[in-house]
Amino acid sequence: NVHAMSYLKPWQSYQQVSTNTASPGHLVVMLYDGAINFLERALSGFALEDPLEFNTTISNNILRAQQILTELNCSLDMERGGEISTTLRRLYHYMDDRLTESNLSKSREGIDETIRHLTVLRDAWREMLSGAGATSPGSVTSLSACV
C-alpha cells in the first residue's frame, strides 16, 4: 500500500534521530511537534477549493498525526508510569477519537482542540526536560514499540 509506506517515513526519521541523538524525553517533544505540524497542515486544507485537495490534505495529515498519537500511546510505561501514564493514555485515546470525528465530518473543532492539548503537553515536557537535563520520566519506555 503506497499510502501506508508514505506514513512510515516520519517514523523512520524519528527512530533514526532517537537512535543517534535524542533521549526518549526529547523524542517525545519531537513527536508532539510533529503531530502539531501535521494538524496545522490539516487545517490549511480547509482553505483549499478543489474538493479532492481539500479532502486529501485534511485526511492525510490527520492520519499522520494519529499515527504519532499511537506511537506516544504505545511508548507509555504503564507499570512504572503510574497515574500519569493512565491519564496520558486516556488523553491520547480521546484526542484520537476527536481527530477521527473531525476527519469524518471534515470539521476543524477536533483538530483545534487536539492542537491545544498537544501544545500544553509539549510545553510541559520541554519545561521538565530543561529543568531535569536529558533525563526521561518514568512514564516513557522505548519509542519504537509500535512501529
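Met95 sits in helix H4, where helices (H or I, at least four residues) and strands (E, at least two) are DSSP runs numbered from the N terminus. In this predicted model, Met95 is buried, with a relative accessible area of 0%, buried meaning under 20% relative accessible area, exposed over 50%, and partly exposed in between (1.4 Å probe, protein chains only). Leaving aside neighbours within four places in sequence, Met95 is in contact with Leu69, Thr114, His117, Leu118 and Leu121, contact meaning heavy atoms within 4.5 Å. Met95 and Ala65 are 30 residues apart in sequence, and their C-alpha atoms are 10.0 Å apart in space.

The model is predicted, so that local features need pLDDT of at least 70 and side-chain atom pairs count only at pLDDT 80 or more, while totals for chains, interfaces and linings use all residues. Residues are numbered from 1 along each chain as its sequence is written, and side-chain values use heavy atoms, with hydrogens and water left out.

Of its 147 residues, 41% count as buried. Among contacts between residues at least 6 apart in sequence, 67% join residues at least 24 apart.

The largest nonpolar core has 29 residues, and those with the most contacts inside it are Tyr32, Leu39, Tyr92, Ile111 and Leu118; a nonpolar core is a set of buried Ala, Val, Leu, Ile, Met, Phe, Trp, Tyr and Cys residues joined through side-chain atoms within 4.5 Å. Two or more residues are given to this core by each of helix H2 (24-44), helix H3 (51-74), helix H4 (82-105) and helix H5 (109-132), and H2 supplies the largest share, 11 residues. Leu118, with neighbours within four places in sequence left aside, is in contact with Tyr32, Ala35, Ile36, Leu39, Leu69 and Met95.

Two helix pairs can now be followed in turn. The axes of H3 and H4 come within 10 Å and cross at roughly 165 degrees, where axes are lines fitted to C-alpha atoms, for helices over the stretch in contact, and angles run from 0 to 180 degrees between N-to-C directions. H3 and H4 are therefore roughly antiparallel to each other, given that angles under 35 degrees count as roughly parallel, over 145 as roughly antiparallel, 65 to 115 as roughly perpendicular and the rest as oblique. The residues making this contact include Ile62, Ala65 and Leu69 of H3 and Tyr92, Met95 and Leu99 of H4.

H2 and H3 pack at an angle of about 160 degrees, with their axes 7 Å apart, which makes H2 roughly antiparallel to H3. Among the residues that meet here are Tyr32, Ala35 and Leu39 in H2 and Ile58, Ile62 and Ala65 in H3.

Leu88 is found in helix H4 and is buried, with a relative accessible area of 7%; Leu88 and Leu76 are 12 residues apart in sequence and 8.2 Å apart in space, C-alpha to C-alpha. Lys106 lies in the loop between H4 and H5 and, at 22% relative accessibility, counts as partly exposed. Most residues other than glycine have a negative phi. Phi of Lys106, by contrast, is near 50 degrees, a positive value in a residue other than glycine.
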